[in-house]
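Colleague: I would like a close look at one part of this model, the charged side chains and the sheet around them. Please take it in one connected answer.

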Amino acid sequence: IAAIEREDLTINVPDRFERLFPNDIILAIGTDAQLKKFKEFLEKTEVDTDILKTKEEVKLLHFTVMKE
């Protein structure tokens with residue numbers, strides 16, 4: 001993967017820890033055979049869409065730990 005386009009953001013040369021999200025555009029480099037195999041992999045890979053639908057409340061808390 002050479003780059004990932006995500007809305008107004010372009011991630012050039014993403015590392016192996018970068019996640020793909022729905023609607024990301026993937027720019028890949030390879031031979032015709034490699035790109036065909038990659039496309040087949042993407043099309044057959046299932047995504048658990050329930051994970052994408054969950055909404056959890058996130059809170060930022062501030063506290064101080066005192067030394068005894």
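Modeller: The answer starts with the fold, goes on to the sheet and the salt bridges, and ends with the surface. This is a predicted model. The chain has two helices and three strands, and from the N terminus on these elements run β-β-β-α-α. Of the 68 residues in the chain, 9% are buried. Among contacts between residues at least 6 apart in sequence, 20% join residues at least 24 apart.

The three strands form an open sheet in the order β2-β1-β3, with antiparallel pairing. β2 (9-12) and β3 (25-27) stand at the edges and have a single partner strand each, so one side of each lacks a neighbour in the sheet. On average, and with direction ignored, neighbouring strands of this sheet are turned by 15 degrees against each other. Four bridges join strand β1 (residues 3-6) to β2 in the antiparallel sense, and Ala3 stands opposite Asn12 in β2. The hairpin of β1 and β2 has two residues between the strands, and in this hairpin Glu7 takes a positive phi near 50 degrees.

Now the charged side chains: the count comes to three salt bridges. What does the side chain of Arg6 meet at 3.6 Å, N to O? The partner is the side chain of Glu18, in a salt bridge. Arg6 lies in strand β1 and Glu18 in the loop between β2 and β3, so the pair ties together parts that are 12 residues apart in sequence. Arg6 also meets Asp24 in a salt bridge, at 2.8 Å from N to O. This pair links distant parts of the chain as well, with Arg6 in strand β1 and Asp24 in the loop between β2 and β3, 18 residues apart.

Is Arg6 buried or exposed? Its relative accessible area is 18%, and since buried means under 20%, Arg6 counts as buried. Asp24 is buried too. Glu18, in contrast, is partly exposed, with a relative accessible area of 31%.

The remaining salt bridge joins Glu43 and Lys39, with the closest N and O atoms 3.9 Å apart. Glu43 and Lys39 both lie in helix α1 (residues 32-44), four residues apart, which is about one turn of the helix. Glu43 is exposed, with a relative accessible area of 59%, and Lys39 is exposed at 51%. Salt bridges that share partners join Arg6, Glu18 and Asp24 into one network.

The loop between β2 and β3 also holds Val13. Val13 is exposed, with a relative accessible area of 68%. Leaving aside residues up to four places away in sequence, Val13 touches Ala2 and Ala3. From C-alpha to C-alpha, Val13 and Leu27 are 9.6 Å apart in space, and they are 14 residues apart in sequence.

Last, the surface. The chain exposes about 7300 Å², of which carbon and sulfur atoms supply 55%. Leu61, Phe63 and Val65 form a nonpolar patch on the surface, together with about 410 Å² of accessible area. Val65 is placed in the segment after α2 (49-53) and counts as exposed, at 69% relative accessibility.

Technical notes:
Residues are numbered from 1 along each chain as its sequence is written. This is a predicted model: local features need pLDDT of at least 70, side-chain atom pairs count only at pLDDT 80 or more; totals for chains, interfaces and linings use all residues. Side-chain values use heavy atoms; hydrogens and water are left out. Buried means under 20% relative accessible area, exposed over 50%, partly exposed in between (1.4 Å probe, protein chains only). Contact means heavy atoms within 4.5 Å. Accessible areas come from the Shrake-Rupley method with a 1.4 Å probe; for residues, only the protein chains shown count as cover. Two strands pair if DSSP finds at least two bridges between them. Axes are lines fitted to C-alpha atoms, for helices over the stretch in contact, and angles run from 0 to 180 degrees between N-to-C directions. Patches are made of residues with over 30% relative accessible area and no salt bridge: like charges are joined within 9 Å, nonpolar side chains (Val, Leu, Ile, Met, Phe, Trp, Tyr) within 5 Å. A salt bridge is a side-chain nitrogen of Lys or Arg within 4 Å of a carboxyl oxygen of Asp or Glu.
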